[in-house]
Structure formats: C-alpha cells, structure tokens
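Please look at the sequence and the structure shown below. The briefing that follows goes through them topic by topic.

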Amino acid sequence: MADGRFFNNAGPFSLAELVAISGASRVDTAAQSKLYADVQPLDSATPSDVSFLDNKKYKQSFLETAAGLCIVRPDMADSAPPGTQVLVTADPYAAYARVAGAFYPVPVPKGAISEFAHIDSDAQIGENCLIAPGVHIAAGVTIGTNCVIGAHTSIAAGCQIGNDARIGASVSLQYCLVGHSVIIHPGVCIGQDGFGFAPGAQGHLKVPQLGRVIIGDDVEIGANTTIDRGTGPDTVIGTGTKIDNLVQIGHNAEIGRHCFIVAHVGISGSTKIGDFTMIGGQVGIAGHLKIGAGVKIAAQSGVMRDVADGETIGGSPAQPMKTWFREIAMVQKLAKTKVGKHGQ
Amino acid sequence: MADGRFFNNAGPFSLAELVAISGASRVDTAAQSKLYADVQPLDSATPSDVSFLDNKKYKQSFLETAAGLCIVRPDMADSAPPGTQVLVTADPYAAYARVAGAFYPVPVPKGAISEFAHIDSDAQIGENCLIAPGVHIAAGVTIGTNCVIGAHTSIAAGCQIGNDARIGASVSLQYCLVGHSVIIHPGVCIGQDGFGFAPGAQGHLKVPQLGRVIIGDDVEIGANTTIDRGTGPDTVIGTGTKIDNLVQIGHNAEIGRHCFIVAHVGISGSTKIGDFTMIGGQVGIAGHLKIGAGVKIAAQSGVMRDVADGETIGGSPAQPMKTWFREIAMVQKLAKTKVGKHGQ
Amino acid sequence: MADGRFFNNAGPFSLAELVAISGASRVDTAAQSKLYADVQPLDSATPSDVSFLDNKKYKQSFLETAAGLCIVRPDMADSAPPGTQVLVTADPYAAYARVAGAFYPVPVPKGAISEFAHIDSDAQIGENCLIAPGVHIAAGVTIGTNCVIGAHTSIAAGCQIGNDARIGASVSLQYCLVGHSVIIHPGVCIGQDGFGFAPGAQGHLKVPQLGRVIIGDDVEIGANTTIDRGTGPDTVIGTGTKIDNLVQIGHNAEIGRHCFIVAHVGISGSTKIGDFTMIGGQVGIAGHLKIGAGVKIAAQSGVMRDVADGETIGGSPAQPMKTWFREIAMVQKLAKTKVGKHGQ
C-alpha cells in the first residue's frame with residue numbers, strides 16, 4: 001500500500017472495472033466481481049494487489065509473485081504462478097499506468113488562494129486555482145482554470161499559463177507562454193536571458209535576448225531544469241514533450257512534439273529537434289543543428305552534426321549506433337594485441 | 001517586433017543614429033534620416049528592420065532577407081539583396097548587440113522595497129533598489145545602489161553586493177562578496193559548503209569550509225548554477241567572466257577574468273583558470289590543476305592535467321585538438337578494416 | 001583568519017588541547033601551554049596558526065610554510081621548516097577537520113520561528129528549531145529538535161524530518177522521510193515525480209509515482225541536487241552518504257551507506273549501489289543495474305553494466321581501470337603510426 005501520509009487509495013476496484021480501466025484483455029477465470037485493493041511491484045504484491053511485468057529483467061519476480069492480478073504481454077500469459085490471474089495487453093506499462101492512476105488519481109485542486117500570496121491587481125487568475133503562500137504573480141500575468149502553483153514560485157510580468165497547470169515550489173517563470181495541462185516541477189527556471197555575448201578583447205558585450213519561451217500542451221519539465229528565452233526568435237517546447245531534471249535548453253532551441261529528454265542533457269542554442277525524438281541522459285548537442293524526428297540518441301553522446309529522421313546514434317562525437325559499437329569493440333580487441341601493447 | 005507584453009521598443013532610430021550606435025561604417029546610399037523601427041532575425045526582418053549576419057551558416061538567409069538594413073563583415077558588403085542597405089564592421093555581432101540594446105534598453109529600476117520583503121534592521125540597502133516580495137536579507141548585509149533583487153531570494157548574514165546588481169528569483173547567497181554590475185539568474189546558489197570530507201571507514205568527517213566566494217565586476221551567472229565557498233582560501237570568479245546555467249564550481253577554484261563557462265561544466269576544487277579561457281558545455285575539470293589563459297576546451301572534454309596558455313584541447317582525457325581529431329579519425333578508419341573487424 | 005563577518009573563531013587553543021582535539025601525536029618540543037590562534041592554509045599561515053599537509057602536491061608549500069604548527073603524516077615529520085612544530089597522524093586531513101571544527105564550531109541554533117513562516121496548525125515542530133521567514137510547512141509534517149530551516153523552503157504534507165537537520169534556502173521537500181543530522185543545501189528538490197511514462201505513438205502516458213524518498217542519518221545533499229521519489233518502491237539514500245551539487249538520482253534508486261557522489265552525476269531509475277562506493281563527477285549510470293560496495297568510478301564514466309564489489313572502473317562505456325588506461329594509451333600510440341595516418 002502506498003504510504004497513507006502521502007497518497008489516498010481510491011480502490012478497491014473489481015476485476016470487471018480493472019479490465020475496463022486498463023484496456024487489457026481478461027484471460028482468467030476469476031469472478032468479475034472479485035475486488036483488488038491496490039497496485040504493488042511484483043516483489044511486494046499480495047493476492048489482493050495488481051502488478052505488471054514489462055521489463056524482461058524482472059521476469060523472475062513475475063514467476064515468483066504473489067500478486068492476485070498481473071498485467072502482462074501475451075507471451076507471458078501462461079507463465080503466471082498458480083495464484084495469479086493475468087490481464088493481457090501489448091503494452092503492460094501503459095495499462096498499469098491507467099490502473100495505478102485509477103487507484104491514486106491526481107487530486108482535483110480545491111481552489112484557494114493563500115492570503116500570503118503576492119498577486120498583482122492587474123493579473124488574471126482563472127477559477128478554482130490553488131495558490132500557495134509566498135507565490136508572486138506580477139502585472140499582466142494570466143493563469144487559466146484549475147491550476148496549482150507551489151510555494152514561493154515567481155511568475156514575472158506578462159506570462160501566460162493555460163488551464164490545469166501543476167507548478168511546483170520555487171519555480172521562476174519569465175517571458176513565457178505556457179499551454180494547457182503542463183507540469184513544471186520545483187526549482188525550474190524558464191525564460192531567463194540566453195547565454196549570448198559578442199566576445200571582445202576588452203570584455204564581452206551582452207546581446208539583448210528579445211524572444212520568449214513557448215511551451216505546448218501536456219509538457220512536463222523536471223526539477224531544476226533551465227530553459228532560456230530566445231534572442232529574437234523564440235525557444236519552443238512542443239506539445240507532449242517530457243523533460244527530466246537538470247536539463248539545459250539554450251536560446252532559440254526548438255524541440256518537437258512528444259520528445260523525451262533525460263536528465264542532464266544540454267541542448268545548445270538554435271538547434272532544432274523533430275517530433276518523438278529520444279535523448280538519453282547527459283547528452284550534449286551543439287548549436288545550430290537540425291536533429292530529425294524519431295531520432296534516438298544514446299546517453300552521454302556528443303552530437304556535433306545534423307541527424308536525419310529515424311537515426312539511432314551514440315558516442316562522442318556521435319555516430320550511427322552500429323559504427324560506434326564496432327569502434328568500441330575494435331579498440332577493446334586491439335588493446336589486447338601486440339599493436340595495443342607495443343604499437344607497430 | 002519583440003512581444004510588447006515583455007519588451008518596450010525605444011525606437012525608431014535614424015540611419016545616422018544607428019551608424020553612431022553600432023560603430024559600423026556606412027557604405028550605403030540611403031538618406032541619413034531614414035528611420036528603422038526594430039531589430040529582427042534575417043528570416044523575419046522587413047524593410048523597416050535592422051538585422052545582421054555573423055555566422056556564415058546563415059548566409060543564405062542573408063541573401064534572401066527583406067531587412068531594410070543589415071550589419072555585415074566587409075566581404076559580404078556587396079552581396080546584399082537589392083532592397084537591403086548594409087553597415088560594415090569587423091564584428092557584426094557586437095555591432096548588433098549595441099543596436100539591439102538601443103532598441104530595447106535594460107529598464108532602469110524604479111526604486112521600491114516591497115513591504116513583504118524581510119530585511120534585517122542591521123542591513124544596509126543603497127539608493128534606488130528594487131526589492132521584490134519575499135526577499136530575505138539578513139543582518140550585516142550591504143547592498144549597493146540601483147540593484148534589482150527578485151522574489152524569494154535569500155541573502156545571508158554578512159554578504160556584500162555592489163551597485164547595479166540584477167539578481168533573479170529564488171537565489172541563495174551566503175558567505176560572499178559580490179562586485180558591481182553583476183547579473184545572477186534565478187535559482188543560483190552561491191557560498192554553500194564545499195564538498196569537503198576526510199573519508200573514513202566508520203563514516204566521513206565533514207571539513208569546515210572557512211572561506212568565501214569573491215565575485216568580480218560584470219560577472220554573469222546562469223540559472224541554477226552552484227558556486228561553493230572556499231575551505232579557507234576563497235573561491236574566486238574574475239571580473240567579466242560569463243557563466244551559463246547549471247554549472248558547478250568547487251571550493252577554492254579561482255576563475256580568471258573574462259572567461260566563458262558553458263552549461264553543465266564542472267570545475268573541481270582548488271583548480272585555477274587563467275583569463276579569457278573558454279570552456280565548452282559539459283566539460284569536467286579535475287581538482288588542483290592549473291589551466292592557463294586563453295585556453296579553449298571543447299564540449300564534453302575531461303581535463304586531467306595542467307594546460308598551458310593558449311592551448312586548444314578536446315576529448316576525455318583531453319588532449320591537443322589536432323591529436324584528438326587524429327585519434328578519432330584513426331579509430332573510425334580502423335574500425336572499417338580487417339583489424340577492426342577481426343583483430344590481427 | 002576566516003572573515004569575521006561570516007565566521008566566529010572559538011580559539012585560541014593550547015598545544016595540549018590541539019593534541020587532544022586532533023587525535024594526532026606530538027613530536028615537537030614546544031610548551032604544552034603554547035597557544036595557537038587559528039587554522040590557515042600552508043601558504044598563508046603565520047607562526048600562530050595551525051595548518052596541515054595531506055595532498056603531496058602541496059609539499060613545497062609545506063617546506064616553505066610559516067605555520068607555527070602543522071599536522072602531517074609520519075614521513076613528513078622531519079621535513080618541517082625550523083619554526084614549524086608538527087603533529088603526526090596517519091590521516092592529517094581528518095585531524096585538521098577536527099581542529100578546524102574546534103576553532104569554528106557549527107553554531108547551535110537559537111530556537112526561533114519567524115512570524116513570517118507559514119506553518120500549518122497540524123504540523124509538529126520539535127524544540128529549539130530555527131525557522132526562517134517564508135518557510136512553508138504543510139499539514140502532517142513532523143520536524144525534530146534543533147533543526148535549522150532556511151528561507152523560502154517548502155515542506156509538503158506528511159514529510160518527516162529528524163533531529164539536528166540543517167536545511168538551506170529554497171529547498172523543496174515532498175513525499176520524503178529524512179533521518180537525523182542531515183544537511184540539505186539550498187535549491188535541493190526531493191520527492192518530486194520520477195520520470196516515468198508509458199511511451200505511445202499518440203503521446204506518452206504518465207505513470208503515477210507512488211513511492212517515497214527515504215534518507216538515512218548524517219546524509220549531506222549538495223545545492224540544486226534532485227532526488228525523485230519512487231514509483232511504488234522507494235528511492236533510498238543510505239546513512240552517511242555525501243552527495244555533491246547538481247546530482248540527479250532517479251526513482252527507485254537505492255544508494256548504500258557512506259557513498260560519495262560528486263557533482264553532476266546522474267543515477268538512473270531502479271539502480272542499486274552498495275556501501276562506501278565513490279562516484280566521480282559527471283558519471284552517468286544506466287537504470288536497473290547493481291553496483292557493488294567499495295566500487296570506485298572515475299569522473300565522466302558511463303556505466304552500462306553491473307559492477308562487482310571493489311571494482312575500479314572508468315571510461316564510457318566503463319571498463320576496469322587498467323583496461324581503460326591501456327585502450328587510451330593504445331589509441332594515442334597508434335594514431336602516431338602509419339595505421340593512424342593512413343589505415344592499412
């Protein structure tokens with residue numbers, strides 16, 4: 001059971017309800033009315049819990065689970081231990097996400113604006129927003145309905161935020177237009193000056209940063225991530241893109257829709273990235289590049305050239321994955337030979 | 001036109017004024033009194049806009065621009081499209097920075113201290129400072145004139161800040177002395193304990209951190225960057241140095257004047273870096289090293305040795321740039337041969 | 001002398017006292033009652049100061065120091081300059097840490113809760129806590145005795161914090177249980193949603209994150225570090241572990257006791273790390289791995305496989321240190337030969 005100090009369980013749900021919620025198919029023989037009380041990992045699940053198997057690395061845990069119900073792929077449907085009923089689907093992780101979301105729904109905010117929030121009289125706040133103590137909202141800001149804004153968050157003049165935003169504590173928003181249903185975790189900084197200077201032998205001249213940050217709907221932005229505003233063009237984050245913690249996105253970068261950007265990634269200024277591209281942790285991408293759609297970039301890669309749609313790349317400098325793996329293997333092999341030990 | 005919700009245009013400016021502001025030479029035939037309304041990138045500029053060409057990657061955009069006036073290098077002076085007048089200079093980016101700064105000057109703060117700021121009676125605040133709600137200023141702090149301090153920023157006991165500082169929201173300053181005209185973006189943490197422990201088999205002993213952080217004039221520090229105070233010696237950031245977002249600078253590090261330090265760089269403790277050194281994104285520099293002046297370090301490099309003045313290095317471990325490139329080329333070539341495929 | 005604006009010197013201490021405090025042995029001939037006024041680095045120490053030599057890189061500074069007393073290893077006991085008495089120990093850094101801690105003890109907080117803190121009536125605060133303006137403490141939070149909580153820190157519903165915590169400014173704590181004597185530096189974000197999505201061609205489905213973050217005693221967490229809560233299992237940081245600035249720890253990660261994790265390290269979800277493991281700066285560790293106890297990982301390494309107890313590894317992908325060094329040497333050597341220049 002999730003810790004009751006932090007989470008409220010909306011269950012139990014019957015098997016029939018879980019079939020409907022999960023979108024998975026029932027292949028078991030249990031009664032439709034059988035009740036399940038909670039979701040749990042395979043290792044700790046009990047006969048009243050729902051679990052799932054997605055990553056094959058955890059197959060052994062599945063074979064030994066005590067879960068009453070488990071969501072699996074078709075090829076695992078016959079391998080469940082005797083006490084475990086199964087629900088079958090091509091995407092167990094998505095089905096589990098729906099079930100877990102039913103047991104632990106995101107609380108609907110009870111609209112309330114703290115008397116200790118500092119909201120300019122010229123700001124517009126939509127209905128039913130929950131605004132914590134210490135929030136600072138400047139003139140000309142507009143915020144949609146049903147938004148939650150955490151303590152000590154600062155929203156500077158002119159920013160716009162859509163409906164259903166969930167914004168954490170100590171966030172700084174400036175010069176930005178944010179879509180609907182956006183999640184911004186604590187400590188995020190959006191819209192500050194890009195890193196733009198004209199270098200000089202007597203010191204570097206600051207270049208005015210005259211653009212904005214435009215964030216689409218359903219974007220999620222991880223804790224302490226930073227997104228600089230554009231220099232004149234805007235910095236753009238496409239709808240549905242998910243950004244992890246401590247990511248840096250430079251001025252004028254344009255990120256497509258539904259990308260994944262893992263922690264510590266740095267995307268330099270003016271680089272454009274297509275839709276559904278996945279960028280592993282600690283990747284660095286140079287400036288002024290075009291990265292296609294559906295690209296996959298391995299963790300820690302250094303990308304120094306344009307990348308075509310659908311490429312999978314790795315290494316620093318990044319290359320096609322096969323080439324990179326072959327080079328690694330070649331170096332490892334060669335280091336064990338005379339060449340490696342003594343040169344030629 | 002920059003978004004009027006965020007930016008105020010101080011134009012128009014006449015051609016004669018723009019010549020004076022930019023420092024570039026006029027080689028066109030337009031009337032001195034012709035007015036220009038705004039700055040714009042080459043792609044979106046109209047006949048009433050000023051633009052510039054610096055990075056050759058955008059030459060095609062220049063050849064097709066509708067900008068009324070464009071700042072270029074001498075070799076491009078004759079290539080402008082028919083409707084575009086040119087201003088010529090050896091450094092178009094610097095000239096553009098001056099012009100853009102004239103159109104969009106940094107607003108002079110209207111001195112005002114929020115009644116919701118928490119300022120110790122023993123702190124000294126200079127004239128005409130703009131201090132936002134929630135700012136916390138402790139005893140013994142002195143702040144110069146014309147400073148802007150963003151919401152929820154915390155300045156701990158004894159800190160000193162010069163004139164004309166622009167400090168963002170949710171910044172934490174401790175144990176630091178800051179020069180004039182410094183820009184500190186949101187979420188920056190300066191002066192917390194360095195990472196100093198005497199390791200032990202029963203646990204690690206914390207080493208008191210008894211130094212400060214000394215920051216010169218005209219320094220800019222990017223969002224969520226962290227700079228630890230010294231252990232006894234100070235951590236020092238030289239005048240004019242520009243630091244990007246999410247950079248880590250360890251205790252006792254001494255950074256020279258007018259350096260560039262790009263996002264996600266980590267500089268370990270007690271390392272000294274000379275003036276005008278440029279450090280690419282995600283570079284790591286080990287502790288107790290001496291990096292010279294005018295050094296250039298490629299992105300993602302790992303620096304494990306001292307570096308002489310003027311060197312250009314790359315790779316992990318970092319080597320002279322030519323050596324690194326040759327090694328990359330060698331590995332790429334060799335992986336395609338029998339050696340790469342089968343060893344010898 | 002440490003800057004009196006920031007530090008209070010509790011000295012002087014006599015030689016006899018310093019022997020007792022440091023745990024080092026006296027091999028000098030000075031009077032037991034001789035007083036020392038301060039700690040100082042070798043370079044700036046005077047005859048009334050205590051210094052130490054640990055890193056051999058600073059041996060020359062030791063040979064030329066003016067320090068009155070110096071803590072050294074046995075092999076250096078006879079090399080001190082004429083005016084310098086020595087204290088001898090196998091671990092000079094630890095002995096210095098104890099001496100410096102005696103000169104500059106951590107101030108005992110004078111319990112005081114700011115009238116500008118926002119504390120829910122259902123929160124429990126232990127005796128003698130120092131709580132700064134703007135702190136927000138939600139319902140159901142319990143905080144132990146003698147804790148210091150910095151300005152604008154936010155502690156969400158249900159969190160528990162032990163005794164003697166030192167928490168900096170603008171920290172965000174959610175869904176976490178924190179042990180005793182924990183230090184959390186400014187800007188740290190703990191307990192926000194892990195980066196969990198079920199990817200889909202129409203967009204990615206958010207997976208509820210139903211676990212917590214469990215932090216042991218004596219843990220230190222550096223500025224702007226982020227630790228996500230678990231998905232169902234918890235994210236765990238073992239007792240005594242020290243984490244530097246800007247580190248990312250993913251959901252369900254379990255870090256052992258007394259580890260060192262240097263700045264910019266990224267530890268992916270569900271990875272388990274043993275006790276006393278040391279992880280260098282900018283290391284990335286993939287998800288779902290088992291890293292043993294006593295492992296050492298060189299800076300910037302990329303760890304993509306399980307690692308046995310006691311291994312020392314480096315490189316990306318990481319390999320045993322000797323193998324990695326041999327490969328680097330091989331590539332460097334080969335690039336200078338015909339193979340490197342022309343292939344075969």
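The contact between chains B and C draws on 50 residues from chain B and 55 residues from chain C. This is a predicted model, and its scores are ipTM 0.95 and pTM 0.96.

- On the side of chain B that touches chain C, at least two residues each come from strand E22 (197-198), strand E23 (205-206) and helix H4 (321-334) of chain B.
- H4(B) gives the largest share of that side, with seven residues.
- Sorted by class, the side of chain B that touches chain C holds 27 polar, 17 nonpolar and six charged residues.

**How the copies are related**

- Chain B is superposed on chain C by a rotation of 120° with 0.0 Å of shift along the axis, and the RMSD is 0.0 Å.
- This is the relation of a three-fold axis.
- The surfaces used by these copies differ, as 20% of the contact residues of chain B recur in chain C.

**Chain A on its own**

- Chain A contains five helices and 40 strands.
- The C-alpha trace of chain A spans about 80 × 75 × 30 Å along its principal axes.
- Of the 344 residues in chain A, 57% are buried.
- Among contacts in chain A with a separation of 6 or more, 22% are between residues 24 or more positions apart.
- The domain assignment divides out domain 1 (13-103) and domain 2 (174-344) in chain A.
- Between the C-alpha centres of domain 1 of chain A and domain 2 of chain A there are 37 Å.
- The mean pLDDT of chain A is 94, and 97% of its residues reach 70 or more.

**Nonpolar cores**

- In soluble globular proteins, nonpolar side chains tend to be buried together.
- The largest nonpolar core in this model has 306 residues.
- Which residues touch the most other members of that core? They are A:Cys70, B:Cys70 and C:Cys70.
- Leaving aside neighbours within four places in sequence, C:Cys70 is in contact with C:Ser51, C:Phe52, C:Leu53, C:Phe62, C:Thr65, C:Ala80, C:Thr84 and C:Val86.
- A second, separate core has 12 residues, including A:Val331, B:Met330, B:Ala335 and C:Ala335.

**One loop residue, B:Lys56**

- Where in chain B does B:Lys56 lie? B:Lys56 is in the loop between strand E5 (49-52) and helix H2 (59-63) of chain B.
- Is B:Lys56 buried or exposed? B:Lys56 counts as exposed because it has 10 C-beta neighbours inside 10 Å, and the cut-off for an exposed residue is 12 or fewer.
- From C-alpha to C-alpha, B:Lys56 and B:His152 are 43 Å apart in space, and they are 96 residues apart in sequence.

How values were computed. Residues numbered from 1 in each chain as written. Chains lettered and ligands numbered in written order. Least-squares fit on C-alpha atoms with pLDDT ≥ 70 in both. Contact = placed C-beta atoms within 7 Å. Helix = DSSP H or I, 4+ residues; strand = E, 2+ residues; numbered from the N terminus. Buried ≥ 20, exposed ≤ 12 C-beta atoms within 10 Å, placed from the backbone. Nonpolar A, V, L, I, M, F, W, Y, C, P; charged D, E, K, R; others polar. pLDDT = per-residue confidence, 0-100. Domains from an automatic or database assignment. Core = buried A, V, L, I, M, F, W, Y, C linked by C-beta atoms within 7 Å.
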